[in-house]
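Welcome! Try each task yourself before you read its solution.

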Amino acid sequence: MVLDVLPPGPRLPVAVQTAAWIFRPWDFMERCAARYGDTFTLRLAGERPWVMVSHPDVVKEVFTGPRELLHAGQANRILRPFVGANSVLLLDGDAHMEQRRLLMPPFRGSHLTSYTDTMTAVAQSAIAGWPRGEPIRLHPLMQSLTLEIILRVVFGLNEGARLDHLRAELVRTLAASAGVAGQMLLVLGPRKVRAALIRKLFRNVDRLLYAEIDERRRCGDLEERSDVLSVLLRTRHEDGRPMSNVEIRDELMTLLLAGHDTTATALAWMVERLVRHPDDQARLVEEIRAGDHQFRDAVIKETLRLRPVLSLVARRLKAPLEIGGVELPAGVNVVPSIYLTHRRPDLYPNPEQFRPQRFLEHNPGANTWIPFGGGVRRCLGAAFAEHEMRIVLGTLFGSCTVAPISQRAEPMKRRGITHVPRRGATVTLH
Ligand code: HEM
C-alpha cells in the first residue's frame, strides 16, 4: 500500500500515536486537527491507517459514498463471538441491507409510540427505587434501567420468572465480559480461545433466548404483539423465508449490545451536564410540568453533541476512492470524527459551552450533528433511543430534584469504545 499518498498526520512512532489514542483520544484528535486541519492520517498499532475527517462536506461524502466500497462490518469483527455471524453490525453490501430491511420496521413510527407505556412504567418503577438524600452513581442505575427497557420492549418479556432468569443471566454475563480479567482474555487472547470463552460465557443466555424464541413462535397472540422479537418473527426475507432462530438470536444480542449501554451513557451525561446548569434544569422542569418536550429534545441534542457516546465511526475502503479531493488507496479506514465535527466553531460557536438553546435557534445542518453516524449504517435505534431518553429525562426531572455533589464537571473517561463520566454521574436525589 502506498502510504505517503495519504493526507499528512503526526510523524510520531506508531507506539506513541497508539498510546496517545488510548489514553487521551480527545486531546490527540484536537492537537492533530489544530496542526493538520480537517483531514489527517493516524497510524495505530494493529490497524490500517485511519484517515480522520471532520468537515461536514467530507463526512457527507463518506456517508453517501458507494456502499460496496465503504465497508463497516470488518471493523466490527471483534464483536462476532458476542453477536454472531448474522448480526447487522458485521455484514456489508446486500446482506447488510437485507438485515437492515428486516430490522427497521419495529424501530419506526407507530411501533415506537406503542412502546411509550412500557418505557414509562419501567422508568417510573426504577427511579422510585433509587435512594434519596445520599450521593449515588447514576450511570450504573441508568444501565439497569435501559437493560430493563430492552428486555421488556425488544425481547417482549413480561414480569415473572422468565424475565428474572434472563435478566440475572445477562447481568452476570455482561459483568464477566466487561470485567478487567474478562477484557484481557476477550480482547488480547488468541482468536479461537477468545471465541470459545465468549461462547461458554453466553451459553446460558443463548439457551434462554432460544427457548424464548421457540415459545414465542408457538404463542397464540404473536400477531397482536408489538415487541421487537414478535415483529421479527412475523417478518419475511425477500424470498418469503422467515428469519431463522439463529438469525433472530444474533440480532437480539446486537440490539442489546448496541442499544443498552449507549443509551445509559448518554442519559448519565445528560444528568451530569444539567445539574451543573441550574437555569437549564429549571427550564426543563418547568417544561416537563407543562407537558412539552422541545427543550428536552434540545438538551438531548446538545448533550450528544458535546459528549457523544462514541467519538467516531469507521469505513474500510475496498477500492481506491476520492474523498475530500484526495484519492485514497484501498485498505485504509476513512474515519468521520463525531467528536471533532461537533466541536467545530464554524458550526457551533463557543463549542465547549453546554447551551441547549442553540438547537432551538437553529436546526443543525446535514452532517453537522452525527452522534448516530450516518448513511446506510446510521444507528438503527436512533429514534428508539431518543424516545426512551425523552421518557427517562421526563420521569426523573418530573419526580425529583437532582443536585450535583460538586460543581466540578466530570471529565470524560474512555471505557471500551465509549466515553463515560469519570465519577459515574454522581448526584443526590431529593
Ligand atoms: C444514545 C444512544 C445511542 C447512540 C449514541 C448510538 C450510536 C450509534 C452509532 C454511532 C452507530 C454506528 C453508525 C455508523 O457506523 O454510521 C450505531 C449503530 C447501530 N446502533 Fe446505535 N446508538 C444508540 C442507541 C441504540 C439503540 C437503542 C439501538 C437498538 C435498540 C441501537 C442499535 C444500533 C444498531 C443495530 C446499529 C448498527 C447499524 C448498521 O450497522 O446498519 N443503537 N449506533
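Start at Gly 374, where a polar backbone atom lies 3.0 Å from an oxygen atom of the ligand. Before going further, note that this is a predicted model, in which local features need pLDDT of at least 70, side-chain atom pairs count only at pLDDT 80 or more, and totals for chains, interfaces and linings use all residues. Residues are numbered from 1 along each chain as its sequence is written, and side-chain values use heavy atoms, with hydrogens and water left out.

## Exercise 1: the iron atom

**Task.** Find which protein atom is the donor to the iron atom of the ligand, and say where its residue sits in the chain.

**Solution.** 
- Step 1. Look for donors, that is, N, O and S atoms within 2.8 Å of the metal (3.2 Å for Na, K and Ca); water is not among the atoms, so sites may look incomplete.
- Step 2. The search gives a single donor from the protein: SG of Cys 379, at 2.2 Å from the iron.
- Step 3. Follow the chain around Cys 379, and you are in the loop between α18 (358-361) and α19 (382-399). Helices (H or I, at least four residues) and strands (E, at least two) are DSSP runs, numbered from the N terminus.

## Exercise 2: the shell around the ligand

**Task.** Describe the residues that surround the ligand: how many are there, and which helix supplies the largest share?

**Solution.** 
- Step 1. Sort the shell by helix. At least two residues each come from α5 (93-103), α14 (245-274) and α19, and the largest share, six residues, belongs to α14.
- Step 2. Sort the shell by class. There are 16 nonpolar, seven polar and three charged residues. Here Ala, Val, Leu, Ile, Met, Phe, Trp, Tyr, Cys and Pro count as nonpolar, Asp, Glu, Lys and Arg as charged, and the others, Gly among them, as polar.
- Step 3. Check the distances between polar atoms. The side chain of Arg 100 has an N or O atom 2.6 Å from an oxygen atom of the ligand, while a backbone N or O atom of Ala 258 is 3.5 Å from a ligand nitrogen atom.

## Exercise 3: the whole chain

**Task.** What radius of gyration does the protein chain have, and what would a compact globule have?

**Solution.** 
- Step 1. For 430 residues the rule gives a value near 22 Å, and the protein chain has 22 Å, which agrees.
- Step 2. Of its 430 residues, 52% count as buried; buried means under 20% relative accessible area, exposed over 50%, and partly exposed in between (1.4 Å probe, protein chains only).

## Exercise 4: His 419 and its partners

**Task.** Is His 419 buried or exposed, and which residues does His 419 contact beyond its neighbours within four places in sequence?

**Solution.** 
- Step 1. Locate His 419 in strand β11 (residues 418-421). Its relative accessibility is 3%, so His 419 counts as buried.
- Step 2. List contacts (heavy atoms within 4.5 Å), leaving aside neighbours within four places in sequence. Among the partners of His 419 are Trp 26, Thr 265, Trp 269 and Pro 308.
- Step 3. Look at Trp 26 again: its side chain and that of His 419 are joined by a polar contact of 3.4 Å. A polar contact is a pair of N or O atoms within 3.5 Å; within protein, one must be able to donate a hydrogen and the other to accept it, and residues adjacent in sequence count only if both atoms are side-chain atoms.
- Step 4. Compare sequence with space: His 419 and Arg 307 are 112 residues apart in sequence, with 7.7 Å between their C-alpha atoms.

Terms used
Rg over C-alpha atoms; globule rule 2.2 N^0.38 Å. Contact = heavy atoms within 4.5 Å.
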